[in-house]
Amino acid sequence: MSRFILAALAGLVLGLIVHLGAVLVLPYLAERDAYARLAAIAGPNEVVPVEDPSDLGAVLPSTDPAFISAVCLYDLAGGPLKVRVPTTEDYTSVSFYTRYGLPFYAINDRSAGRSIIELDLMNAKQRAALPEDDEVTAADRLIVESPSEEGIVLIRALVRERSARDEVRARMQLANCAPAA
C-alpha cells in the first residue's frame with residue numbers, strides 16, 4: 001500500500017512539474033501570439049488604431065467593445081521613445097508589455113493627473129546613461145524602464161456613449177510613440 005501511495009505522489013509531483021513547465025514555456029513557443037498578430041497591422045515605434053471587434057473576429061481577442069484601442073510596437077534598439085497620449089473625457093489607460101506579453105507598467109489618466117499622459121520609455125542601459133539633472137524632478141519627467149528591447153504599448157480609451165465614438169477615436173489618433181529627441 002505504501003508503494004502505491006509513494007508512486008501516486010511521485011506521479012502527481014512529476015505531472016505538476018511538467019504542467020508548470022509547459023505553462024511557463026508556452027508564451028515563448030507560440031507562433032501567433034499578441035505581438036505577431038499586432039505586427040501584421042503595425043510597424044515599430046508608431047501608434048496604430050486597433051479595429052473594433054466584429055463577428056469575424058478581432059486582432060486582440062476578448063476586447064471590450066466599450067473601449068477604443070491603439071497599439072505601438074516599440075523597439076528600443078535605436079534609442080529611447082517618447083510616448084504621448086492625450087486623455088479623453090471618461091477614461092484613458094496606457095499599458096506596457098514585453099514582447100512575450102508580460103505586463104510591466106500601466107498608468108491611467110486619473111493617476112497621471114494631466115490632460116496628456118507623457119513619458120519616456122527606455123531600457124536599463126539607456127536609463128543609466130541619462131545625465132543626472134537636479135532641475136528635472138520625478139514629477140516633471142516620468143521614465144518607464146522596459147525589461148526588454150521590444151514590446152507592446154497598449155492605449156485604451158473608454159467610450160461611454162456610442163455618439164462619442166468618433167470623437168474619442170479622433171483624440172486617440174493624436175497619440176504618439178516616437179524616438180525621443
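Residues are classed here as buried when their relative accessible area is under 20%, as exposed when it is over 50%, and as partly exposed in between, with a 1.4 Å probe and protein chains only. The structure is a predicted model, in which local features need pLDDT of at least 70 and side-chain atom pairs count only at pLDDT 80 or more, whereas totals for chains, interfaces and linings use all residues. Residues are numbered from 1 along each chain as its sequence is written, and side-chain values use heavy atoms, with hydrogens and water left out. Helices (H or I, at least four residues) and strands (E, at least two) are DSSP runs numbered from the N terminus.

With a disulfide defined as a pair of cysteine sulfur atoms within 2.5 Å, the count comes to one disulfide. This bond is formed by Cys-72 and Cys-177, whose sulfur atoms are 2.1 Å apart.

Side chains of opposite charge can pair when their charged atoms come close. A salt bridge is taken as a side-chain nitrogen of Lys or Arg within 4 Å of a carboxyl oxygen of Asp or Glu. The structure holds six salt bridges, among them one between the side chains of Lys-82 and Glu-118, at 3.9 Å from N to O. Because Lys-82 lies in strand 3 (residues 81-86) and Glu-118 in strand 6 (residues 116-122), this pair ties together parts that are 36 residues apart in sequence. Lys-82 is partly exposed at 28% relative accessibility, and Glu-118 is partly exposed at 32%.

Lys-82 also forms a salt bridge with Asp-120, in which the closest N and O atoms are 2.9 Å apart. This pair links distant parts of the chain, with Asp-120 in strand 6 and Lys-82 in strand 3, 38 residues apart. Asp-120 counts as buried, at 3% relative accessibility. Glu-118 in turn forms a salt bridge with Arg-84, the closest N and O atoms being 3.4 Å apart. Arg-84 lies in strand 3 and Glu-118 in strand 6, so parts that are 34 residues apart in sequence are tied together by the pair. Arg-84 is partly exposed, at 34% relative accessibility. Through shared partners, salt bridges join Lys-82, Arg-84, Glu-118 and Asp-120 into one network.

Surface patches were built from residues with over 30% relative accessible area and no salt bridge, like charges being joined within 9 Å and nonpolar side chains (Val, Leu, Ile, Met, Phe, Trp, Tyr) within 5 Å. Accessible areas come from the Shrake-Rupley method with a 1.4 Å probe, and for residues only the protein chains shown count as cover. A nonpolar surface patch is formed by Leu-20, Leu-24, Val-25, Tyr-28, Leu-29, Tyr-100 and Leu-102, which together have about 720 Å² of accessible area. Leu-29 lies in helix 1 (residues 2-29) and is exposed, with a relative accessible area of 60%.

Most residues other than glycine have a negative phi. Asn-45, although not a glycine, has a positive phi of about 60°. Asn-45 is found in the loop between helix 2 (34-39) and strand 1 (47-50).
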